[in-house]
Amino acid sequence: MSIAIRTTLLRTAVVAAATALTATILTLPAQALDAQWCKDVHIRFFVGGAEGDAFGTIVYNGAKQAAADLGPKVDYIFSQWDAEKMVQQLREAVAVKPQGIAMMGHPGDAAIMPLADEAHKEGIKMMYQNVPVPKVTAAFGGGYIGAQQEQQGRALGAEAFKLGKLKAGDKAIMIGPFENESRGARERGTVAALKEAGVEVIQLSSPPSGEWASDPNLAIPVLTAALLNNPDVKAVGYPGGQMLGNVATYMQAAGRKPGDIFNFGFDTSPQIVEGFKGGWVQLTADQQPFLQGYLPILSLCQQVVLGLAPMNVDTGAGFVTPENYEIVAELAKQALR
C-alpha cells in the first residue's frame, strides 16, 4: 500500500471519528433540553417541616415545580423540623439507594457525616438546603442551596438595630435554636450583631424538636412571660416565618399594640404579609425558599444525567420592610416567595 493511500485512509478514519464524536457531543445537550430529560432519575427530597408548614410549603412548591419541569421521580420527606427525625429519615433514604438525595442540613455536620459517607460509597449524589454542612461537603461532595446562616443573621441584627432605631443600652429578645451548632448559627449571628451595637439581648431557646416551628402557638406562654418580665423590651427577633407570621397573636397575648415593639425575623409568607399590613411586623430577611426547593432537584438532575458539578447558591435576597413588602406580597400569598 502506498504512502498516499495510507495517508488518505488515515485522514478518512480521523474525519469519521471526529464526525462521530461531534455528533455525540451535539446530541447530549439536545437530549438534555428535551422535556422531562430527567425522567429516569429517582430523588428523595427533604422538605423540612410538616405538610402545610408556612416555610416548608414554599420549599415544597419549588421542588414540585422542578419535578414537573424536569421529570424525575421524587419522594417528598416531611420532618416537622425535628433534626433527630431527619437523621433517621436520611438513614432510610440512603438504604433505598435513590440516585440523588436533597437533604436539610439541620442535624449538622457530625450527625450527617457517617450517612454522607454511606451515600458516597453507594454513588448517591447529595445536595443540601437551608442549613450548610461545610465539613460534610468538603469530605464527600455535594452542593448547598440556601442563605449563609451566620452572615444572614448578622446582617439582620445590624438592619434591625438601624431600622428599629435602637441604641446602646436598649433591650431586645431573640428567639432561636441556639444550642444547634449548624442551624443556630443564624440566630447567634443576630445576637452577636446586636450585642456589638450595645443592645442587651435576652435569648429564648426554642425546643430542639422544632415544636414552635410546627405549632407557633406553643410559644405564647414563654414569649408572653418574657415580655411581662421585661416591659422595656424594644425589639423581638424570631427564628423563622412560622413564628414571625404569628406575631399579632403574641403581641395581643402580651397586651401590646401594633408598633409598640419592633418585630423582626426571617422569611416571607401570607401571614407575614398580613403582619406587615397590620403594622405588627417591621422587618424580615428573605431567603427565597422556592429556590431551596427548585435548585437542589435541578442540580441533582444535572449531576446524574450530565455529570455536572453540584450547585452552590446563596439564596439570601435582602430585606423586606413596610416600605417594600407589597412587591413580594402577591407571590407570598401564593406560597411562592
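**Labels and their grounds**

Biologist: Why is R154 called partly exposed?

Modeller: R154 has a relative accessible area of 31%. Buried means under 20%, exposed over 50%, and partly exposed in between (1.4 Å probe, protein chains only); R154 is therefore partly exposed. This is a predicted model, in which local features need pLDDT of at least 70 and side-chain atom pairs count only at pLDDT 80 or more, while totals for chains, interfaces and linings use all residues. Residues are numbered from 1 along each chain as its sequence is written, and side-chain values use heavy atoms, with hydrogens and water left out.

Biologist: Where is R154 placed, and which residues does R154 touch?

Modeller: R154 belongs to helix 6; helices are DSSP runs of H or I with at least four residues, strands are runs of E with at least two, and both are numbered from the N terminus. Leaving aside residues up to four places away in sequence, R154 is in contact (heavy atoms within 4.5 Å) with G189, T190, A192, A193 and E196. Y294 is 140 residues from R154 along the chain, and their C-alpha atoms are separated by 26 Å.

Biologist: What makes A158 partly exposed?

Modeller: A158 also lies in helix 6, residues 149-163. Its relative accessibility of 45% places A158 in the partly exposed class.

Biologist: Why are the buried residues of helix 12 said to line one face?

Modeller: The buried residues of helix 12 are I272, V273, G275 and F276. Seen down the axis, they fall within an arc of 155 degrees, so they line one face of the helix; the arc is that of the directions from the helix axis to the C-beta atoms. Their cover includes helix 10, strand 9 (262-266), strand 10 (283-286), strand 12 and helix 14. Just after helix 12, G279 has a positive phi of about 85 degrees.

Biologist: What puts the buried residues of helix 14 on the same side?

Modeller: In helix 14 (residues 326-333) the buried residues are V328, A329 and A332. Their arc around the axis is only 130 degrees, which puts them on the same side of helix 14. As a general point, an α-helix has 3.6 residues a turn, so residues three or four places apart point the same way. The face turned away from the buried side carries the exposed residues E326 and I327. Helix 12 (270-278) and strand 12 (318-320) are among the elements covering the buried residues of helix 14.

Biologist: How do you know where the largest pocket lies relative to domain 1 and domain 2?

Modeller: The domain assignment, automatic or from a database, gives domain 1 (42-147 + 289-316) and domain 2 (149-286). Both give residues to the lining of the largest pocket, so the pocket lies between them. The two C-alpha centres are 28 Å apart, and 20 residues of domain 1 are in contact with 16 residues of domain 2.

Biologist: Which residues are closest to the centre of the largest pocket, and how does its lining divide?

Modeller: The largest pocket has a volume of about 500 Å³. Of its 25 lining residues, W81, H106, P177, R183 and G210 are closest to the centre. The lining comprises 10 nonpolar, nine polar and six charged residues. Helix 3 (83-96), helix 8 (211-214) and helix 10 (241-244) each supply at least two lining residues.

Modeller: A pocket here is an open set of points on a 1 Å grid over the protein atoms alone, where a 1.4 Å probe fits, with protein on both sides within 12 Å along at least five of seven lines; lining residues have an atom within 4 Å of a point.

Technical notes: Points joined across faces, edges and corners; volume = space filled by probe spheres on them. Nonpolar A, V, L, I, M, F, W, Y, C, P; charged D, E, K, R; others polar.
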